[in-house]
Amino acid sequence: MADQTREAQLFELSNGSMLVKITNLGCTITSLSVPGKDGQLADVVLGFDTLEPYLKGAAPYFGCIVGRVANRIKDGKFTLDGIEYSLPINKPPNSLHGGHKGFDKVIWEVTDQRGGENPSITFTYLSRDGEEGYPGDVLVKATYSLPSRTTLRLDMEAVPQNKPTPINLAQHTYWNLAGHGSGAILDHIAHIWANHITPVDHNTVPTGEIMPVKGTPFDFTSEKKIGASIHEVPGLGYDHNYVLDCGEEKDGLKLAVRLREPLSSRVLNLWTNAPGMQFYTANYVNGINGKSGSVYNKHSAVCLETQGFPNAVNQPNFPSVVVRPGEEYKHSMLYEFSVE
């Protein structure tokens with residue numbers, strides 16, 4: 001079914017403790033309300049009140065699923081099985097987040113919806129051979145669910161139908177645990193279970209090196225304010241892939257990051273089965289008119305994008321993101337909210 005025949009709609013998942021609003025446009029989380037101390041609900045994701053700004057492209061990837069390949073592909077080129085592929089250069093000189101019309105800008109089909117105590121919604125999209133320069137048809141599925149009172153789960157699956165292709169999906173929500181309109185996140189406290197990052201060149205593409213974080217401003221191996229050493233990071237802030245190599249495991253997922261906001265006492269523990277996580281401090285957000293009259297500026301949120309390593313398709317020493325027919329890509333994320 002062509003996506004032109006479907007229109008953007010908003011759906012809700014609610015279990016009495018938390019409320020999540022998601023649109024079939026890019027599987028985008030537009031609102032997520034969770035309790036803080038004293039049970040006070042706040043919407044902790046950046047976004048817009050209506051779907052129109054999303055449709056017009058006003059969002060810098062707020063809340064969406066990006067693909068077919070998240071993050072940057074150097075010079076928009078890669079070679080697979082001896083064939084060179086060229087992608088749109090939508091973030092010169094690189095291709096970013098799937099190209100001009102990535103998975104975040106298409107309308108997905110709702111193929112399953114369940115209510116009750118553990119509500120869920122499943123979105124499906126068929127990405128065609130040659131779409132944004134990528135090879136082969138790929139059937140993609142994303143299921144959001146509320147498995148417990150203050151937990152959101154996302155399960156992403158992708159199956160190449162007829163050609164090998166790189167696949168790397170990421171959930172690009174911008175988080176502010178004090179509430180979406182409460183300003184900079186520099187006082188949020190982060191703990192990232194990563195002893196290494198993949199350092200980048202001046203175009204934010206990994207050099208191929210795996211660098212220890214110890215003794216650098218990238219060290220979040222114990223709790224640290226995001227703002228503590230952000231001024232020592234080259235550029236405008238953090239926009240780096242962390243190598244998730246030391247988190248505890250449960251149910252096939254490993255702990256990637258714990259984010260804590262002292263004023264509201266909200267805590268987010270994020271678990272994933274992905275090898276990396278882009279830690280991005282909304283460096284390029286500048287004067288965006290968001291929900292309820294809020295204006296979002298630089299550092300007004302943090303993105304925790306679990307993923308395959310950026311430009312992995314061109315870096316033989318990075319974990320491969322190539323998926324072949326007969327294989328299946330699977331990526332799960334568990335967002336556990338609490339108060340402490």
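This note goes through the annotated residues, their surroundings and some of the strands of a predicted model.

1. Basis. The model is predicted, so local features need pLDDT of at least 70 and side-chain atom pairs count only at pLDDT 80 or more, while totals for chains, interfaces and linings use all residues. Residues are numbered from 1 along each chain as its sequence is written, and side-chain values use heavy atoms, with hydrogens and water left out.

2. Active-site annotation. An unreviewed UniProt entry gives "active site" for His172 and Glu305. The two are spread over 134 residues of sequence, yet they cluster in space, with a largest C-alpha distance of 5.8 Å. Both His172 and Glu305 are included in the lining of the largest pocket. A pocket here is an open set of points on a 1 Å grid over the protein atoms alone, where a 1.4 Å probe fits, with protein on both sides within 12 Å along at least five of seven lines; lining residues have an atom within 4 Å of a point. UniProt positions are in the numbering used here, feature names are shortened, and annotations may be inferred rather than shown by experiment.

3. Binding-site annotation. For "binding site", the unreviewed UniProt entry lists Asn71, Arg72, His172, Thr173, Tyr174 and Asp239. From this set, the lining of the largest pocket takes in Asn71, Arg72, His172, Tyr174 and Asp239.

4. His172. This residue sits in the loop between β15 (170-171) and β16 (174-175); strands are DSSP runs of E of at least two residues, numbered from the N terminus. His172 has a relative accessible area of 3% and is therefore buried (under 20% relative accessible area, 1.4 Å probe, protein chains only). Beyond its neighbours within four places in sequence, His172 has contacts (heavy atoms within 4.5 Å) that include Tyr61, Cys64, His97, Tyr280 and Glu305. The side chains of His172 and His97 are joined by a polar contact of 3.3 Å. A polar contact is a pair of N or O atoms within 3.5 Å; within protein, one must be able to donate a hydrogen and the other to accept it, and residues adjacent in sequence count only if both atoms are side-chain atoms.

5. Glu305. Strand β28 (residues 302-307) holds Glu305, which is buried at 2% relative accessibility. A polar contact of 3.3 Å links the side chains of Glu305 and His172. Leaving aside neighbours within four places in sequence, the contacts of Glu305 also include His97, Gln171, Gln278 and Tyr280.

6. Asp239 and Gln278. Asp239 is in strand β21 (residues 239-244) and Gln278 in strand β25 (residues 276-280). Both are buried: Asp239 has a relative accessible area of 9%, and Gln278 is at 3% relative accessibility. Their side chains make a polar contact of 2.9 Å. The side chain of Gln278 makes a further polar contact of 3.1 Å with that of Gln307, and one of its polar atoms lies 3.4 Å from the backbone nitrogen of Asn241. The C-alpha atoms of Gln278 and Thr306 are 6.3 Å apart, although 28 residues separate them along the chain. Not counting residues up to four places away in sequence, Asp239 also touches Arg72, one of several such residues.

7. Thr281. The loop between β25 and β26 (288-289) contains Thr281, which counts as buried at 0% relative accessibility. Its side chain reaches the backbone nitrogen of Tyr238 at 3.0 Å. Leaving aside neighbours within four places in sequence, the contacts of Thr281 include Ile185, Ile226, Ile230 and Val302.

8. Strand β13. Of the 10 residues of β13 (residues 151-160), 7 are buried, so the strand is largely enclosed by the rest of the structure. Strand β12 (residues 138-148) pairs with β13 in the antiparallel sense over 9 bridges (two strands pair if DSSP finds at least two bridges between them). These two strands form a hairpin with 2 residues between them, and Lys141 has Glu157 in β13 as its bridge partner. β13 also pairs with strand β30 (residues 329-339), antiparallel over 8 bridges; there the bridge partner of Thr151 is Glu336.

9. Four-stranded sheet. An open sheet of 4 strands runs in the order β1-β2-β3-β4 with antiparallel pairing. Its edge strands, β1 (10-14) and β4 (41-43), each pair on one side only. β1 and strand β2 (residues 19-23) pair over 5 bridges, with Thr23 in β2 as the bridge partner of Leu10.

Conventions
Buried means under 20% relative accessible area, exposed over 50%, partly exposed in between (1.4 Å probe, protein chains only).
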